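I opened this notebook to keep track of what I looked up. The entries follow the order of my searches.

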Amino acid sequence: MSVPTIVVHRDADILAKAVAARIITRLVDAQSAKGSASLVLTGGTVGIATLAAIAGTPARDAVDWRRLDIWWGDERFLPDGDPERNETGARQALLDHVDVDPERVRVMLGPDSGLTAEEAADAYATELRKAARPEDHGPAPSFDVTLLGMGPDAHVASLFPGMPALYDTRPVVAVHGSPKPPPTRISLTLPTIQASREVWVVAAGAEKAGAVRLALSESGPVQVPAAGARGRSRTLFLLDRAAAAKIPPELGRIASP
């Protein structure tokens, strides 16, 4: 796994715009190199603000949206269209405003599908396996970019500290008893996240500062899930100044655009 690079921006608004610009550049580069690209989306305030920033810039037209595969790192197990679903926020912020191929937007199903959370997780794992290529060497694609938000408890996706999902080696799991509502969710597991080419952890706000510090230390991922959020070739921690406030200098060189 790669060693994290830390990039700090002045505030959450500039952070979202900067991450949006990075995403556009990375997707264009991937499409130029291999014809298509893959992006794993996250929810949360900064995650959705980033998608809105992509939608709001003319540079978005540099991406061939028809040749982009879109996935989710996790989803609340709620009916289609529920405002609390990550998918709903992503569609409103970005996907409804660009020419995506509907068949390449892979959503995690909710209870209105008639499936249980376990069955919905298995169905998503099947989609991942279908999309994986021999060079991915595993049951999921090596995503070009996996975006992850991070909670004050250092959770990423729907992988919360100390919960069974952190020990699971399947590509996707159902999560029950989430400490953050709603209690039932679906999430990629750490092995799937770690198979990504690049993992970008995006965090803003002083309430995240302690978690950021732990995620960049020698903490184990069972108690600090974000400590396991690493990409195969690159890991970025993209932060605002408040979230970066407790990072000791010895943990890494901090670039502040």
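**Entry 1: Arg 185**

I began with the contacts of Arg 185, setting aside its neighbours within four places in sequence: they are Asp 74, Glu 75, Arg 76, Phe 77, Ser 158, Phe 160, Val 173, Ala 174, Val 175, Ser 178 and Lys 180. I note here that the model is a predicted one. Arg 185 belongs to strand β7, which covers residues 185-188. Is Arg 185 buried or exposed? I found a relative accessible area of 2%, so Arg 185 is buried.

I then looked at what the side chain of Arg 185 reaches. A polar atom of that side chain lies 2.9 Å from the backbone oxygen of Pro 181. The side chain of Arg 185 also reaches the backbone oxygen of Pro 182, at 3.1 Å.

**Entry 2: Salt bridges**

I searched the whole structure for salt bridges and got 20. Side chains of opposite charge can pair when their charged atoms come close.

Glu 87 is a partner in two of the pairs I noted. Its side chain meets that of Arg 85 in a salt bridge, 2.8 Å from N to O. Glu 87 counts as buried at 5% relative accessibility, and Arg 85 is buried with a relative accessible area of 3%.

Glu 87 also forms a salt bridge with Arg 91, where the closest N and O atoms are 2.7 Å apart. How many residues apart are Arg 91 and Glu 87 in helix α3? They are four residues apart in this helix (residues 86-93), which means a separation of about one helical turn. Arg 91 counts as partly exposed, at 27% relative accessibility.

The next pair is Arg 234 and Glu 198, whose side chains meet in a salt bridge at 3.8 Å, N to O. Arg 234 sits in strand β9 (residues 234-240) and Glu 198 in strand β8 (residues 198-203), so this pair ties together parts that are 36 residues apart in sequence. For accessibility I have Arg 234 as partly exposed at 33% and Glu 198 as buried at 8%. Both belong to one network, in which salt bridges that share partners join Arg 26, Lys 34, Asp 144, Arg 197, Glu 198 and Arg 234.

**Entry 3: The cavity**

I searched the whole structure for cavities of 30 Å³ or more and found one. The largest cavity has a volume of about 40 Å³. Its lining consists of Thr 42, Val 46, Gly 47, Thr 50, Leu 147, Leu 148, Gly 149 and Val 202. The elements that give two or more residues to this lining are α2 (44-55) and β5 (145-149).

The largest pocket holds about 520 Å³ of space. It is lined by 29 residues, and the closest to its centre are Gly 43, Gly 44, Thr 45, Arg 76 and Lys 180. Arg 76 and Lys 180 were already in my list of contacts of Arg 185. Which element supplies the largest share of the lining of the largest pocket? It is α2, with five residues. The lining divides into 11 nonpolar, 10 polar and eight charged residues.

The second largest pocket has about 180 Å³ of space. Of its 14 lining residues, Ser 38, Asp 69, Ala 131, Arg 133 and Pro 141 lie nearest its centre. β2 (37-41) and β3 (68-72) are the elements that give two or more residues to this lining. I have its classes as four nonpolar, three polar and seven charged.

Notes: Residues are numbered from 1 along each chain as its sequence is written. This is a predicted model: local features need pLDDT of at least 70, side-chain atom pairs count only at pLDDT 80 or more; totals for chains, interfaces and linings use all residues. Side-chain values use heavy atoms; hydrogens and water are left out. A salt bridge is a side-chain nitrogen of Lys or Arg within 4 Å of a carboxyl oxygen of Asp or Glu. Buried means under 20% relative accessible area, exposed over 50%, partly exposed in between (1.4 Å probe, protein chains only). On a 1 Å grid over the protein atoms alone, a cavity is a set of points where a 1.4 Å probe fits but cannot get out, and a pocket is an open set with protein on both sides within 12 Å along at least five of seven lines; lining residues have an atom within 4 Å of a point. Grid points are joined across faces, edges and corners, and a volume is the space filled by probe spheres set on the points. A polar contact is a pair of N or O atoms within 3.5 Å; within protein, one must be able to donate a hydrogen and the other to accept it, and residues adjacent in sequence count only if both atoms are side-chain atoms. Contact means heavy atoms within 4.5 Å. Ala, Val, Leu, Ile, Met, Phe, Trp, Tyr, Cys and Pro count as nonpolar, Asp, Glu, Lys and Arg as charged, and the others, Gly among them, as polar.
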